[in-house]
Structures are given as structure tokens and as C-alpha cells.
Amino acid sequence: MNGRSRATLHDIKPHDRIARLLVSAHSLTELGLDNARVVASFLQLRRFSAGTVFMREGDSTNADSMLLVLDGEATVEHAASRTSDGMVVTVLGAGALIGEMGLLDGGPRSATCTANTGLTVGELTLAAMEQLVEQHPQVAARLLMAISRRMSQRLRATNRKVQTFARLSRVMQKELDATHEANQRLMRVAR
């Protein structure tokens, strides 16, 4: 050992810790640490106890913000239909972003998020984003580009999944058609 100790994220000053999470592999790596420190200063800390639903699919109240998970885990769910239970899409931990679309368009939330554990997040509201644009326009532009790239990556992944589901659907439809045709022949023979 060379006498140097490794600092954990908990040992680093709060803005530094938040900035490091913001540029982690789960978040906005291309933002850069110096820019992330500026963004971190515009985040408001929020805490949720385990079991708290802090974002509900379809809700448009207070939908104009983005969250960075600082500590804890959250489950993201989508309702398959209005009458069914939600389908867990993913579980997110420290460094994950939630609600980027809401920050950009203020539209209804696209998923329901529940705190699995005690959860601490940094929230960037639209009002704070507007202040960031006014006070640090270059940082704000880099943040928006990084968010846009991240959303583009997600959209591409979703498109690949939709294409896979479409292929599966076609195969299943062919199987159903073949089964229906066989049943029709059997019914004609049985008459």
C-alpha cells in the first residue's frame, strides 16, 4: 500500500459526489466533471421512504423535472393496460436518471416509479434549468445535448425491442392462422 486511501463517494464533498454520479456510466458521461459540478449546484435534494410512489405514469402534475438517484433503489414500472398490474421495466440505483423527458417537455410521466429502499435524489426542475441556461448557457447546452443523446440511445433500444416484438407477433399470427386452418379442415371432415 502506498499510504494513499481511496475516497468513496460518501467521503467527497456533496456537490463533488453528486457531480461524479451525474457523469457515471449510468448517467451523462459526456457532460464532463466540471460541468457536472455546476449542474449539481442547481439540484434540490429530495428523500423518499421505502414504498413511496414518487412518480406516477400519466401524471402531469409537477412533471417538469428530472431526478438523479443519489442513494437507494427505485423500481420503474409501466402499466400494460389500464386494468392490469404494472410490469417492472427496471430497477435503478445510484447514478441513474429518472424523468428526463419531463424536464424537456413537461408532459405526463411515462412510468410509475417507487422507492424500493430509502431513496435520496437530486431534482433538477424546469425553473432551475432555466436559471442554469441564464447563468451558465454553455453548461446548460452540454447538459441538454447529453440528455438528448441518452434519450436517443433509449429510443434506439426501444425501436429494436419493438422490431423484435413485431417479428414475434408475425410468427405467432402465422401459427394461429395455421391452427385455425387445421381446425377448419377437421370440422369439415367431421361433418
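In this predicted model, the residues that line the largest pocket divide into 21 nonpolar, eight polar and five charged, where Ala, Val, Leu, Ile, Met, Phe, Trp, Tyr, Cys and Pro count as nonpolar, Asp, Glu, Lys and Arg as charged, and the others, Gly among them, as polar. Local features need pLDDT of at least 70 and side-chain atom pairs count only at pLDDT 80 or more, while totals for chains, interfaces and linings use all residues. Residues are numbered from 1 along each chain as its sequence is written, and side-chain values use heavy atoms, with hydrogens and water left out.

The largest pocket holds about 1100 Å³ of space, and of the 34 residues in its lining, Val76, His78, Val89, Arg154 and Thr158 are the closest to its centre. A pocket is here an open set of points on a 1 Å grid over the protein atoms alone, where a 1.4 Å probe fits and protein lies on both sides within 12 Å along at least five of seven lines; lining residues have an atom within 4 Å of a point. At least two lining residues each are supplied by strand E4 (74–79), strand E5 (86–92), strand E6 (97–98), helix H3 (100–105) and H5, and H5 provides the largest share, nine residues. Helices (H or I, at least four residues) and strands (E, at least two) are DSSP runs, numbered from the N terminus.

The second largest pocket has a volume of about 190 Å³, and of its 13 lining residues, those closest to the centre are Phe54, Met55, Thr61, Asn62 and Arg109. Strand E2 (53–55) is one of the strands that supply at least two residues of this lining, and E2 gives the most, with three. By class, the lining of the second largest pocket has five nonpolar, three polar and five charged residues.

Helix H4 (residues 126–135) packs against helix H5 (residues 137–190) at an angle of about 130°, and their axes are 5 Å apart. H4 is therefore oblique to H5, a term for angles that are not under 35 degrees (roughly parallel), over 145 (roughly antiparallel) or 65 to 115 (roughly perpendicular). The contact of H4 with H5 has eight nonpolar, one polar and one charged residues.

Six salt bridges are present in the structure, each being a side-chain nitrogen of Lys or Arg within 4 Å of a carboxyl oxygen of Asp or Glu. In one of them, Asp71 pairs with Arg17, with the closest N and O atoms 2.8 Å apart. This pair links distant parts of the chain, since Asp71 lies in strand E3 and Arg17 in helix H1 (residues 14–22), 54 residues apart.

Conventions: Axes are lines fitted to C-alpha atoms, for helices over the stretch in contact, and angles run from 0 to 180 degrees between N-to-C directions. Grid points are joined across faces, edges and corners, and a volume is the space filled by probe spheres set on the points.
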